[in-house]
Amino acid sequence: MAGYFSNHSQSRFLANSNANSTTTTQQPVAPNPPSTATRPRAPSSKHFSTSVPSTSGDEKSLSRDRTATNGSPKGGLVVHPLRHTWVFWFRQQRGPGTRTINYEEGIKKVSAFGSVESFWSLWTHLNPPSSLLPTTDYLLFHSGIRRPVWEDPLNIGGGKWIIRLRKGVADRIWEDLILAIVGDQFSDCAASGDASPTDGTQGGVKEKEKTEENGAAANADTPPGDWPEICGCTISVRQNEDIISVWNKSDADARVKEKVKETIKRALNLPASIVMEYKSNNDSMQDKSSFRVPASVDRTPLS
């Protein structure tokens with residue numbers, strides 16, 4: 001953990017701790033803003049563009065992060081690097097008058113970030129889930145995930161915990177989840193080397209080796225042992241509910257899944273009685289659905 005920012009101790013990022021070191025232009029904040037009962041939030045711009053930014057733009061942003069971290073004499077800025085680089089994605093179903101597109105075609109890359117400062121410069125320009133139209137998804141995955149889909153080499157052996165929310169509560173929970181993942185609060189949820197196989201799946205060391213081998217092939221720039229257990233998370237804004245999911249890479253290890261579940265509950269301050277559903281990505285590929293679960297499962301959304 002040395003040298004990397006972490007909020008594992010339940011502390012919060014300080015959005016304005018280093019306002020001069022952001023990597024993108026932020027809107028000016030009015031002096032002496034009135035206090036409110038809810039968590040303060042920097043003003044947001046109009047909805048960001050869903051066009052795919054050029055790869056060189058992300059590379060330049062990450063390069064600036066690395067330069068500032070090293071204390072470049074030109075900039076004189078010091079930023080707080082994250083252990084992993086993360087990428088925001090956006091997906092919206094077709095609008096009126098446009099053709100239907102498949103899921104993967106609709107996913108658009110927003111931006112990558114590798115430091116606390118570059119995260120906040122992006123986050124303050126994203127509209128909260130409550131302002132999004134159904135059906136819209138936000139997706140956050142680490143940079144080893146080339147495409148945030150079930151079939152990605154680092155996703156295919158894993159699954160996701162699913163939390164259903166009543167309308168009106170997603171903003172706070174989504175922000176807390178993002179801060180927990182980016183801030184390394186899931187760092188203890190590592191796959192164990194002696195996990196035993198489960199029915200119909202390849203588990204334990206073989207599954208881990210296979211996943212890491214595929215991951216290394218997908219992104220040779222990062223050592224496979226450095227991939228975090230948490231692949232990413234999503235929020236899906238729907239007409240009558242909002243659905244949050246946390247993706248992990250080790251479906252075969254029941255202990256890992258339980259650790260992830262307990263960390264989610266702690267990070268989001270969820271009640272002990274909350275019902276959380278788990279679905280493997282293999283099952284999702286079989287029934288072509290991320291959130292469809294057996295009817296016997298209690299699907300009462302969290303209020």
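**Figure 1. Asp-253 caps the N-terminal end of helix α5 in the predicted model**. A side-chain oxygen of Asp-253 lies 3.0 Å from the backbone nitrogen of Arg-255, and the helix that is capped in this way comprises residues 254–267. After α5 comes Asn-269, whose phi is positive, near 55°.

Figure 2. An α-helix has 3.6 residues a turn, so residues three or four places apart point the same way.

**Figure 3. Strand β4 and its two antiparallel partners**. Strand β4 is joined by 7 bridges to strand β6 (residues 242–248), with the two strands running antiparallel, and within this pairing Trp-161 has Val-246 as its bridge partner. The pairing of β4 with strand β7 (residues 277–280) is likewise antiparallel and extends over 4 bridges, with Ser-280 of β7 as the bridge partner of Gly-159.

**Figure 4. Both faces of strand β4 are covered**. In a regular strand the side chains alternate between the two faces of the sheet. On one side of β4 lie Gly-159, Trp-161, Ile-163 and Leu-165, on the other Lys-160, Ile-162 and Arg-164, and all of these residues are buried. Because 7 of the 7 residues of β4 (residues 159–165) are buried, the strand is largely enclosed by the rest of the structure.

**Figure 5. Glu-175, a buried residue of helix α3**. Glu-175 is found in the helix formed by residues 170–182, and its relative accessible area is 8%, which means that Glu-175 counts as buried, the limit being under 20%. The C-alpha atom of Glu-175 is separated by 9.7 Å from that of Pro-129, although these two residues are 46 residues apart along the chain.

**Figure 6. The whole protein, as a setting for the close-up views.** The protein has 6 helices and 7 strands, and from the N terminus on these elements run α-β-β-α-β-β-α-α-β-β-α-β-α. Buried residues make up 47% of its 303 residues, while the protein exposes about 15,500 Å², of which carbon and sulfur atoms supply 52%.

Technical notes. Residues numbered from 1 in each chain as written. Predicted model: local features only at pLDDT ≥ 70, side-chain atom pairs only at ≥ 80, totals over all residues. Heavy atoms only, no water. Buried < 20%, exposed > 50% of the residue type's maximum accessible area, 1.4 Å probe, protein only. Areas by Shrake-Rupley, 256 points an atom, 1.4 Å probe, with all protein chains shown as cover. Pairing = 2+ DSSP bridges. Expected span 1.5 Å × (residues − 1). Polar contact = N/O pair within 3.5 Å; in protein donor to acceptor, adjacent residues only side chain to side chain.
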